[in-house]
Amino acid sequence: MRLRPAPVAAVAAIAVLAVAVPILPLDNPTRMEIAHRFAAPSAAHWLGQDEYGRDVLTRLLWGARVSLSVAAASAGIACVLGILLGLVGGFLRGIVEVLTVRSMDVVLCFPPLLLALLVVTLLGPGAGTLIPVLAVLYLPGFVRVVYAGVLTVRSQDYVEAVRALGAGPVRIMGRTILPNIAGPVLVQFSLAAASAVVLESGLSFLGLGVVPPAPSWGLMIGAARATMTQSPLLLLWPCAALTLTILAMNALCDALRDAVDPHGVPARRRGAVRLPALLPGLVPTRGPALEVRNLTVAIDTPAGVIHPVRDVSLAVGAGETLAIVGESGSGKSLTGLAVLGLLPPIARVVQGAAWVEGQEVLRLPEPARRKLRGGAIAMIFQDPLSSLNPVHRIGDQIHEALLAHARRGGERLRQRVVALLTRVGIPDPAARARAYPHELSGGMRQRAMIAMAIANDPRVLIADEPTTALDVTIQAQVLTLLGDLRRERGMGVVFITHSLPVVAEIADRVAVMYAGEIVEQGPAATVFAKPLHPYTSALLASAPHEDGSLPDGIPGIVPLPHELPPGCAFAPRCRHRIPDCDAQRPALVETGEGHTSRCLRWREFA
Amino acid sequence: MTAAPSPLLVAEGVTRRFGARGLFTRARPVQAVTDVWLSLGRGETVGLVGESGSGKSTLGRMLLGLLPPSEGQVWFDGVDLARATPAERRALRRRMQIVFQDPHSSLDPRRTIGAQIADGPTIHALVPPAERRARVEGLLGQVGLAPSHADRYPHEFSGGQRQRIGIARALATNPEFLVADEPVSALDVSVQAQVLALLADLRSRFGLALLFISHDLAVVRSLCDRVVVLYLGRVMESGPVAQVLEAPRHPYTQALLSAAPSLEASRRRTRILLQGDPPSPSAPPSGCVFRTRCPVAMPACAETVPALVDGVACLRVG
């Protein structure tokens, strides 16, 4: 656990000052010197003297003691009680939940200032009254935050796991749930403490908090306001103290929240970088639907620039299916997103070109690219529930896709929506067009997504794991549908997947990616029958065998993008490794008709 | 041959409804699992196969006693889980464990993996505190990780490594029965094979009874002795792996097998393409639950619920 030092030091300094006030060589905060009222700052009185000639610095420090102890005590009490009530209510549910969480909602019904005024009027002003009043005011906030956190965390598998281990409720709540909701609770604490400082000042200002002549920042602000024209500086000191304290407290709570999170803080993006212009005369080779050449994608990380996609070249003809197959972290999805210009903000294309029907797309300005997306080139994703907008009817979303590329709307477009839904095999399409995404099953949602993608007759369809989230009987339906659409519309399909059996079923050609590079590419039948790269063979051997014997895994793990080996990226896991493999990065060599491999020893496998 | 040894785990007609009978809601209760009979011997591996919504995870949690059945009983080593005393239940907890599907949500992100693996032995006081560390390191070694990994947090590991950690946590209490709920579906294929090999190895080394929940028939084939096929909470077919997966008799099993994509062209039989989606478990069809998608359904299928006879629940068979 690493805590940023600056906020800790700031809050510690404020706290130490407040605690040490009685032993500091200071004046009595209530000693008056009427003769020197409104005296300017001097050597004896660093911040000057107030309307009764009292030393401002002394009163400020004594006031900090009062303000901070009221704030810390009330926020602390509210925090502890809130954690207890929220944890118990959220974890045990049922009647306990009604007693703990719902009863708090009653407190929320009172306007906070009114409640405070009422109690203070009944019990009399003073710091002793303020603490319980503020604690009660902040309690519902804590209960709510803790309760919401518990509801999220309690459904996680790791809570089920400790339950299965035989842990009792107290252990689960204390050891497992509490640490996982610490972040939001700390933020709530900083808000409550800061707000308590302000509220204490406000109530004292109104004469309902700390009783004069005891010092408090609220009283000081109140008094200074009355004499603002004579001595504006008097107003500045308590206000500055208040602001700095609150800023320091918020910074500390943010630092604490980051420190209790073992993940660390994510990196931020730097300015955009322009792709260099294309060399004159560089044109696609055969006029395919999509051609990508030497695509390289870079991401800036705290550890330096990494290249999760390196030097990827591929082409897919009209009516052809090219499968990009690879494991997680191979760069297959980023390749697809780069072509569409949909890379996440931290990633950028640093090299290469891509042509859609002869038009270079990576250098297009954004408006032109937008026209292209959903027009000549479309994409479908793995999870249609998160890629369809949950608050719009699916018919409207398809209509929207059509409208983005049509000159005008009208009844004809509406009819096309229904025709598209019919084409992708959604039963009762007119009625289903009015359904929201959550009302459809996973398979139906993926069909709706496909309808949206093919709405404008794209030349290229990029499908990123479109069947991974589906059941096998539904997967078979969607694969059949995609195959039919490709044939009847002559679309080029780039099918991104990790499943070799799916590739074997649907692909004409296959590109195998490993750690950001294409290691082998060729006709699917040839690649599967006679792989010319050890990674492809190892991948084939790790698919479950049909004869029931256990598959062979590949030892080790995919190297991280910033820890790539100097030579062949697969060498550390390769059974056929020789010293040459570590010497230099092998080039992609042509091994036969349209078949390439990035292995030094491919001849031995041929 | 003498009488067969009594099975470790027996489920007798277990049914689970998720009632939505709240104070203000009156939704239709969902019947997730209906009348399942199952037994599992020591050291035996049974595959539980079904699509999403088939109730396979619910059944797995009932067999572990994490979820009480609405009807029926689960017996573990002769003890009825529902009627066990708190002390008995605590003792039983140690003997049965679970491995989850999602390697990201199954580990507590805020605690080191060593602390999480030590939870089981600590709760059940299996090892003295001084030996806990050694026990954790030993377990890490058994699942193929380094002892020094104990001090790291879950996010520092890959998906496959996390799944190994989840397995180590489950093994820490020396269980006799392990439910593996889709333990490899979230993993890459090369890593999937590693984890399957690990499970197979540990199973034989510890004599574990394993309930392997999966939607992937190829994976089940490589690991299991017997297989149970669930559809909408009911058993469609069950029997030895070789019999059910090589010569399926129930039309659903046949469709499931033919729908699975295959690497070998020779195995790609003529595909039985099921129409539509599985019906909602809150409104299951009358009679046979599969009849709405069944290619060979007949009128009688809507009338009677087919009984599981000789491992198949279909009016067309037998």
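Is A:E97 buried or exposed? Select A:E97 and you'll find a buried residue, with a relative accessible area of 9%. Here, buried means under 20% relative accessible area, exposed means over 50%, and partly exposed is in between (1.4 Å probe, protein chains only).

Some ground rules before we move on. This is a predicted model, where local features need pLDDT of at least 70 and side-chain atom pairs count only at pLDDT 80 or more, while totals for chains, interfaces and linings use all residues. Residues are numbered from 1 along each chain as its sequence is written, chains are lettered from A and ligands numbered from 1 in the order in which they are written, and side-chain values use heavy atoms, with hydrogens and water left out.

**Stop 1: around A:E97**

The term stands for a side-chain nitrogen of Lys or Arg within 4 Å of a carboxyl oxygen of Asp or Glu. A:R102 counts as partly exposed, at 36% relative accessibility. Over all chains, a search of the whole structure finds 44 salt bridges.

**Stop 2: where the chains meet**

Colour the two chains separately. On the chain B side, 61 residues are in contact with 58 residues of chain A, contact being heavy atoms within 4.5 Å. Between them the chains bury about 5,200 Å², with 57% of that on carbon and sulfur atoms. Buried area is the accessible area (1.4 Å probe) that two parts lose on being put together, summed over both.

How many salt bridges does the rule find across the interface of chain B and chain A? There are two. To see a salt bridge between the chains, select A:R171 and B:D119, whose side chains meet at 2.8 Å, N to O.

Next, show helix 2 (86–95), strand 6 (96–99), helix 3 (113–123), helix 5 (159–171), helix 6 (189–206), helix 7 (217–223) and helix 9 (251–259) of chain B; each supplies at least two residues of the side that touches chain A. Helices (H or I, at least four residues) and strands (E, at least two) are DSSP runs, numbered from the N terminus. Helix 6 of chain B gives the most to that side, with nine residues.

While you're on helix 6 of chain B, pick out B:F206, which is found there. B:F206 is partly exposed, with a relative accessible area of 31%.

**Stop 3: a covered strand**

Go to strand 7 (residues 177–181) of chain B, where five of five residues are buried. On one side sit B:F177, B:V179 and B:D181, on the other B:L178 and B:A180, and both faces are covered. Strand 7 runs parallel to strand 6 of chain B, joined by four bridges, with B:V179 as the bridge partner of B:I98. Five bridges join strand 7 to strand 8 (residues 209–214) of chain B, again in parallel. There, B:L178 stands opposite B:L210.

**Stop 4: an open sheet**

Still in chain B, find the open sheet of four strands in the order 2-1-4-5, with antiparallel pairing. Strand 2 (30–40) and strand 5 stand at the edges with a single partner strand each, so one side of each has no neighbour in the sheet. Two strands pair if DSSP finds at least two bridges between them. Strand 1 (residues 9–18) and strand 4 of chain B have five, running antiparallel. Look for B:L9, which stands opposite B:F76 in strand 4.

**Stop 5: B:D77 and its partner**

B:D77 is in the loop between strand 4 (71–76) and strand 5 (79–80) of chain B. Its phi is near 50°, a positive value in a residue other than glycine. Most residues other than glycine have a negative phi. B:D77 also forms a salt bridge with B:R42, closest N and O atoms 3.1 Å apart. B:R42 lies in the loop between strand 2 and strand 3 (45–49) of chain B, so the pair ties together parts that are 35 residues apart in sequence. B:R42 is partly exposed at 48% relative accessibility.
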